[in-house]
Amino acid sequence: MGYTEEELAEDLKNQEYKFGFTTNIESDKAPKGLNEDIIRFISAKKNEPEWLLEYRLNAYKVWTNMVEPDWAHIKYEKPDFQDITYYSAPKQNKKYESWDDVEPEMKETMKKLGISMEEQQRLTGTAVDFVMDSVSVATSFKSKLKELGIIFMSFSEAVQEHPDLVQKYLGTVVPTSDNFYAALNSAVFTDGSFCYIPKGVRCPMELSTYFRINESGTGQFERTLVVADEGAYVSYLEGCTAPQRDENQLHAAVVELIALDDAEIKYSTVQNWYPGDKDGKGGIFNFVTKRGMCHTNSKISWTQVETGSAVTWKYPSCILKGDNSVGEFYSVAVTNNYQMADTGTKMVHLGKNTKSTIISKGISSGHSHNSYRGLVQIHKNAENARNFSQCDSLLMTDTSGAHTYPYIECKNPTAKIEHEATTSKIGEDQIFYCLQRGISEEKAISLIVNGYAKEVLNKLPMEFAVEAQKLLAISLENSVG
Amino acid sequence: MEIAQENKVLQFVENLSVGSDLPTYRAMAKDALAGMDFPTTRVEDWKYTRVTRITKQNYKSVEATADASAYRIPALNANVMVFVNGFYDAAQSSIEAQEGVTISAVADMDLEDYLDKLDSIDENVFSLINKAYYTGGAFVRVEKKVVAAKPLHIIHITTGEGVIANTRHFIDVDQSAEMEVVCTHHSVNAAESFSNVVLEGSVGVNAGLKVHKLQLEELDMFHISTENFIQEKDARFDINTITLGGLLVRNGLNILVDGENCDTMLNGVYLTKEKQLVDNHTFVDHLQAHCVSDEMYKGVVDDKSKAVFNGKVIVREDSQKIEAFQANGNVLLSRDAEVNAKPELEIYADDVKCSHGCTIGQLDEDGIFYLRARGLGKKSAEQLMTQAFIGEVIERVKNETVQDYIYTQFEERFGWVR
């Protein structure tokens, strides 16, 4: 595990930092419910400038006039928005008293993922000791980033330290009125991450939320803003392969990426929130708005491995505004038991010679439903736009469902668009072949599924790829129909 | 919404009238209209097709005469039925009696069979208007084990401005019987008129039905059709939809495959120009196992025209061993043309092979270069390429006479050379 040490170090830092933070604002909680006062309260607690409060209030106004959408192919009980606590002091809730309290299944899963003991303890919040020398590693990372002028900090910090940058870019890609959950997020987001890569800088390491200060307790309304200035490059990792439990059922995050001229952003996500139990009880609702803006000659690449959450509803998109810009979307979505996923992408071609690639692999098992929903839109002036989409679905059981809803809109005669989708069962002859050679059925399925998803897994940064492979296998355990 | 506001649908049908002693199903349809509204582009199914151009007008239903002789397909030895503005024109029709084959024009299809078979299909507001106010239609029934000797050619003519033609047909092909129907749609001086057609049919156990629909109206009228079919066990059903005319055309095709071992083939061609909008919606619902459906739609979109393709395939739970294929190809020829495609797959069974493919692009430049290098003009090279592109679909029409007729239409309308 290449990152373990750094994380631990960072965690140590977090703790120090948090002490300072919590004493400042005196840990308290907003009452349940949502109204303008709550928003003022959040804003005041975070010591936000006036414009941000205005931004939030405006978003709230927009949100109150919106209706929760129901077009997605998912069923869930709509959350009661007045029954949510929108602000609680950022303190780490101890989920387990000691390592012995952690559920055996959870331990088992982490063991299978190959997560080191220290990290296992950290993830479950039971770690007590930290290896001292790892602090220096983290510090060296920090100093290196600083040397290059890279800003990477929590959103709240960025609001205080770089308000001009935040104000300049916040809401430019996902406007407050974009959709129901984006509006809600804009009104009540509590924290998240902010990243700025200056002109011409190539970020030397994968930026991960692991490294970030004050990561824990960012809450259910996370806001991420990544800006790559002209000619910059950054690879950003989000999430974690280890199973994550959270008492907040609703997660409505907003991620905005901005790639200025000649810049490149690679954004990878591994999402493994608690998916609910075998009967579909519990589990996280993951309603995320992710979108990137590509300027001239820039490139944004989304890679996601989605295995968790009871309900997933997300469409990482690219707006290819600049000429010669490139958008990519690689996704593996696995659903098991009673999980529901409605995920896909939007590629909006506005500039000339823009290119987009969509590779989506869905795997449905148990009683789950897995949908791909995508939009490829070629606008009038997008000369020579090019799109290739491939959406494959693999069905493991006869009670699961796989659905494809691509929208293809073309207004330019020089565009070339190809869309292809297939749905099929896992190959019995392939399983047979493996069985014949002494490979157990479970292993065979894992082998086949990994082969099937390889195209996407290959796009993940090294650190993630290995774990993601194991994660796929674990998510599909006992799933042969 | 409920109160005070005037109902647009009722306004729309204001000038239409039907007899007072309506059979129950029509009376029900008429009553249901009061609670309906026309779809807007916010309705998913009508996302790309704005129907206000059609619905803002008040149409009248007028009996008229028009010469149908020009619309007969010379080489096709067929029974012919002519409908002018939705009314049956017996004088121009010719039906040869055959035992076991009933072809008649009826106003009311108050038949138990008919009502039972298709009551599960959702009605849209246009098909409901049709149900309440249709003025004529063909009723075809082919008895058990009878193979219809001749195909039936139904000629629809709309004439006069601001006219609505509500035509409704029903084709019932009983067990192991065979039938073929050609529907052609034409218009004469029918600017701003509206042809609202419903074609329904049932293909019985081991029966076969072929339908060829050729939409050849002038570019100044509206056309909305709803085609509902149900297939029983071992049934074979082919439908070809060729759309060349009409200002705003919507072909809504729903096929319920309600039996095992069925074979369903859907082909479509749309060539649009000027300000046309052609919307093809197809829906294949696989309710039973072991079926094959194969769909191919291709279109060439020119000038300021728009094409919409929405192909939906649902494989229901336990409908195993389904093979469902769908292909949609589009060529854009002009700067102002637009294509919106939405192929959809909803699969609830695991042992299936389903795929769809959709492309939007241009004619192959290398191909055109090759032809031009051999002395062809730019235009004829392009035409040849278009023909080859569309030809793939036409070749799937399993009737050479009809194929020929389609090519003749291309010649007439687009100056294609053969």
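1. Helices (H or I, at least four residues) and strands (E, at least two) are taken here as DSSP runs, numbered from the N terminus. The model is a predicted one, in which local features need pLDDT of at least 70 and side-chain atom pairs count only at pLDDT 80 or more, while totals for chains, interfaces and linings use all residues. Residues are numbered from 1 along each chain as its sequence is written, and chains are lettered from A and ligands numbered from 1 in the order in which they are written.

2. Chain B has eight helices and 19 strands. Its radius of gyration (taken over C-alpha atoms) is 21 Å, close to the 22 Å that the globule rule gives for 418 residues, so chain B is as compact as a globular protein of that length; the rule is 2.2 Å times the number of residues to the power 0.38. The C-alpha trace of chain B spans about 70 × 50 × 50 Å along its principal axes.

3. Helix H8 of chain B, residues 400–414, has 15 residues that at 1.5 Å a residue should span 21 Å, and its end C-alpha atoms are 21 Å apart, which agrees; the expected span is 1.5 Å times one less than the number of residues. Just after H8(B), Gly415(B) takes a positive phi of about 65°.

4. Which residues of H8(B) are buried? They include Val402(B), Tyr405(B), Ile406(B) and Phe410(B), where buried means that 20 or more other C-beta atoms, placed from the backbone, lie within 10 Å of the residue's own, and exposed means 12 or fewer. Seen down the axis of H8(B), the buried residues fall within an arc of 150° (that of the directions from the helix axis to the C-beta atoms), so they line one face of the helix. On the other side of H8(B), Glu400(B), Glu411(B) and Glu412(B) are exposed.

5. Turning to the interface, the contact takes 31 residues from chain B and 30 residues from chain A, two residues being in contact if their C-beta atoms, placed from the backbone, lie within 7 Å. The elements that give two or more residues to the side of chain B that touches chain A are strand E18 (338–347) and strand E19 (353–361) of chain B, and E18(B) gives the most, with ten residues.

6. Strand E19 of chain A, residues 401–410, is joined to E18(B) by six bridges, and the two run antiparallel; strands pair if DSSP finds at least two bridges between them. Within this pairing, Ala402(A) stands opposite Ile347(B) in E18(B).
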